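Me: Hi! Could you walk me through a few features of this structure? I'd like to start with the strands.

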Amino acid sequence: MLFQTTIAGSLPKPEWLAEPDMLWAPWKSKGAELDRAKRDATLLAMKIQEDAGIDIVTEGEQARQHFVHGFLERVEGIDFARKVEMGIRKDRYKAMVPQVTAPLRLKGRVHADEARAARAHTTRRLKFTLPGPMTIIDTLADSYYGDRVKMAFAFAELLNAEAKALEADGVDIIQFDEPAFNVFMDEVNDWGIAALTRAAEGLTCDTAVHICYGYGIKANIDWKQSLGAEWRQYERIFPAIDASPIRQVAVECRNSHVPLELLGLLKGKVVQAGVIDVATEAVETPEDVADTIAAVMKFVPRQNIVATTNCGMAPMRRDIAEAKLRALGAGARLARERLG
Ligand code: ZN
């Protein structure tokens, strides 16, 4: 089927699970009660996607507080008690970040509970997101390795172990999220893609990388205004991504300043084209979605296009996120009628 649909990864959490409308939202319960609430929210997130016509569903990242720290919480060698201030994404935000103080090891499985719950309750293709190595090390201070590239490869090994276990749980697509890829373009080419390739080594399921200009939060909106009318950062990294073994690339296309012609550099990839803007509360119409798909089709063969959201929806109002999902499903159906 042409123009299958998916989402970047996260959905807003119900208010009985976590504080609504914010990133890093505190949980509303703890212990076994929190575990049950996470599972219930995971099932609900998938049902909402299925009813909206999403073909490749995710668990909505309902069991993690943040897309990077959900992984880090299960890694030994990180001191969360003594955080230090660090400018992340080349100083776009100041954040208090934990420090790596010892060799990195997994404490066990990271996402087994939610991956298995998701797999048991949907027959659709299931995508699971993990943070990419470059984005992880841009969110942490190093007081042990003395070499950030070495630390990135240490994380890549851990990601690879969890990714293989997720594949064994029945996940169909593993997606690594690398929002740092449009900030450190030289490093992406020097080692970022090599580290990503290490994280995906040996996987037989589909693999994807999501690169993006971030959520619609203020620090991002201010940064985007500094980038000029055309965002051509991807021109420097798409050739290397295209040469990598990662099979799919997720890129924002709706209301984007990324010239769509750059997608033509991804000759051998499935493109997950973002057709839903997560930085505005204005809900797209199905026509908007079909029009964006048509625009992408000028540069990507139709059979290689998957329709998705520009980025995660975690900080969004639930009713708006759900309306946007319905627009995505209806818009892809319309595109199949018009363009198929
Ligand atoms: Zn994103």
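**Strands, then helices**

Reply: Happy to! Glu-76 stands opposite Arg-105 in E4. Keep in mind that this is a predicted model.

Me: Which strand is joined to E4 by nine bridges, and in what sense do the two run?

Reply: That's E3, residues 75-88; E3 and E4 (residues 93-106) run antiparallel. The two form a hairpin with four residues between them, and Arg-89 in the turn has a positive phi of about 50°.

Me: Nice. And in what sense do E4 and E6 pair, parallel or antiparallel?

Reply: Parallel, over two bridges, with E6 covering residues 141-142. Ala-141 in E6 is the bridge partner of Gln-99.

Me: Switching to helices: where is the kink in H6 centred?

Reply: On Trp-191, and the kink is about 50°. H6 spans residues 185-199.

Me: Is Trp-191 buried or exposed?

Reply: Buried. Other buried residues in H6 include Val-188, Ile-193 and Leu-196.

Me: What covers the buried residues of H6?

Reply: The cover includes helices H4 (133-137), H5 (148-168) and H8 (238-243), along with strands E7 (173-177) and E8 (206-210).

Me: Last one: at what angle do H1 and H10 pack?

Reply: About 40°, with their axes 8 Å apart. H1 and H10 are therefore oblique to each other. On the H1 side, Ile-48, Gln-49 and Ala-52 make the contact, while H10 brings Glu-322, Leu-325, Arg-326, Leu-328 and Gly-329.

Me: How do the residues of that H1 and H10 contact divide?

Reply: Into four nonpolar, two polar and two charged.

Terms used. Residues numbered from 1 in each chain as written. Predicted model: local features only at pLDDT ≥ 70, side-chain atom pairs only at ≥ 80, totals over all residues. Bend = angle between axes of the 7 residues up to and from the residue. Buried ≥ 20, exposed ≤ 12 C-beta atoms within 10 Å, placed from the backbone. Contact = placed C-beta atoms within 7 Å. Pairing = 2+ DSSP bridges. Axes fitted to C-alpha atoms, helices over the stretch in contact; angles between N-to-C directions. Parallel < 35°, antiparallel > 145°, perpendicular 65-115°, else oblique. Nonpolar A, V, L, I, M, F, W, Y, C, P; charged D, E, K, R; others polar.
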